[in-house]
Amino acid sequence: MIQITMPLNFLGTVYREIRQALIDMRELFELLDQPSEVIDRPGAPPLAVSGGAVRFEDVHFGYETNREILHGLSLEVRAGQTVALVGPSGGGKSTVGRLLFRFYDTWSGRVSIDGQDLRDVTQESIRAAIGVVPQDTVLFNDTVGYNIAYGRHGATRAEVEEAARAARIHAFIQSLPEGYDTLVGERGLKLSGGEKQRVGIARTLLKNPRILLLDEATSALDTGTERGILESLREAGRGRTVITIAHRLSTVVHADVIVVIEAGRVVEQGTHEALMARGGRYAGMWRAQNRAETAAA
Ligand code: ATP
């Protein structure tokens with residue numbers, strides 16, 4: 001028996017280590033995911049961020065030369081506003097997010113932050129100005145404190161705790177046997193989906209970006225957890241420009257502006273009330289969602 005279980009245990013350890021290495025690599029690739037064709041102009045200055053205003057002007061773009069995805073898309077997000085991008089799957093919402101990061105250059109038209117064309121400034125400074133809260137936060141096999149501090153090199157414990165407080169995860173971390181020194185990830189304490197997401201929010205907050213890009217979770221969190229996460233995100237967005245890529249309508253009601261993107265174009269924009277009163281695409285999406293929810297109940 002011993003002879004059999006020992007190699008199995010050994011294999012289990014190797015498996016876990018390989019798995020963790022893959023997780024670390026995935027995180028790295030996500031962070032470094034920059035297609036090589038986008039290069040900084042020689043001598044390009046860093047982006048000078050003030051309020052974090054974002055503008056897309058008549059943007060045409062596609063991933064492949066013969067397939068245009070955005071057909072003259074324009075949108076304006078004023079400094080400090082919360083904007084939600086909604087619309088059918090494949091309409092181009094995530095593409096807007098990728099162009100804001102300058103993972104790609106537009107075919108024509110212009111993307112700017114605080115009046116500066118993204119092609120005229122360094123990519124590094126663009127990415128420093130924008131914080132992303134991804135759908136899935138990948139945790140490193142390390143302490144929960146390290147996992148948050150990863151948001152900014154050289155952050156002090158006090159700063160880590162402040163970010164955790166804003167993400168509403170501080171009390172939970174303090175309740176752990178070893179507090180911020182508790183090991184998490186594959187070999188440590190397993191965190192729930194909601195807890196992981198809060199660690200991700202704290203990590204992003206520590207970076208203190210002017211602009212927050214939220215790729216709203218599609219993962220199934222229970223309603224209570226989801227409400228808590230939304231509150232954390234609202235808190236995180238205070239005093240910043242927030243762009244939410246929304247996959248569900250219920251979370252966008254409070255946005256300053258809702259932008260409906262369909263087949264690569266902005267087809268409607270306004271507040272929830274204005275768009276409902278208008279009785280167009282957005283109102284239709286609400287009716288369809290309510291019908292689906294009633295049918296499911
Ligand atoms: P969803 O709500 O489903 O996430 P979305 O509105 O965010 O959709 P995008 O992800 O922006 O839509 O996709 C817009 C279009 O661009 C889709 O037709 C998609 O197939 C295409 N697309 C997205 N990423 C790539 C890529 N890396 N290479 C080629 N085509 C892509």
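Which residue takes a positive phi just after α7? That residue is N208, with a phi of about 55°.

The structure is a predicted model, in which local features need pLDDT of at least 70, side-chain atom pairs count only at pLDDT 80 or more, and totals for chains, interfaces and linings use all residues. Residues are numbered from 1 along each chain as its sequence is written.

**Two helices**

Helices (H or I, at least four residues) and strands (E, at least two) are DSSP runs, numbered from the N terminus. The expected span of a helix is 1.5 Å times one less than its number of residues. A residue is buried if 20 or more other C-beta atoms lie within 10 Å of its own, exposed if 12 or fewer, and partly exposed in between, with C-beta atoms placed from the backbone.

| Helix | Residues | End-to-end C-alpha distance | Expected span |
|---|---|---|---|
| α7 | 193-207 (15 residues) | 22 Å | 21 Å |

Helix α7 is mostly covered, with 13 of its 15 residues buried. Helix α10 is hardly covered: one of its 16 residues is buried.

**Strands β6, β7 and β8**

Two strands pair if DSSP finds at least two bridges between them. Strand β7 (residues 211-215) runs parallel to β6 (residues 130-133), to which four bridges join it. Five bridges join β7 to β8 (residues 241-245), and these two also run parallel. I211 is the bridge partner of I130 and stands opposite T241 in β8. Four of the five residues of β7 are buried.

**Core and contacts**

A nonpolar core is a set of buried Ala, Val, Leu, Ile, Met, Phe, Trp, Tyr and Cys residues joined through C-beta atoms within 7 Å. The largest such core has 61 residues, and A202 and I148 are among those with the most contacts inside it. Two residues are in contact if their C-beta atoms, placed from the backbone, lie within 7 Å. Leaving aside neighbours within four places in sequence, A202 is in contact with I148, A163, A164, A167 and I169.

L73 lies in strand β2 (residues 70-77). L73 counts as buried because it has 24 C-beta neighbours inside 10 Å. Not counting residues up to four places away in sequence, L73 touches F56, V59, G92, G264, R265 and V266.
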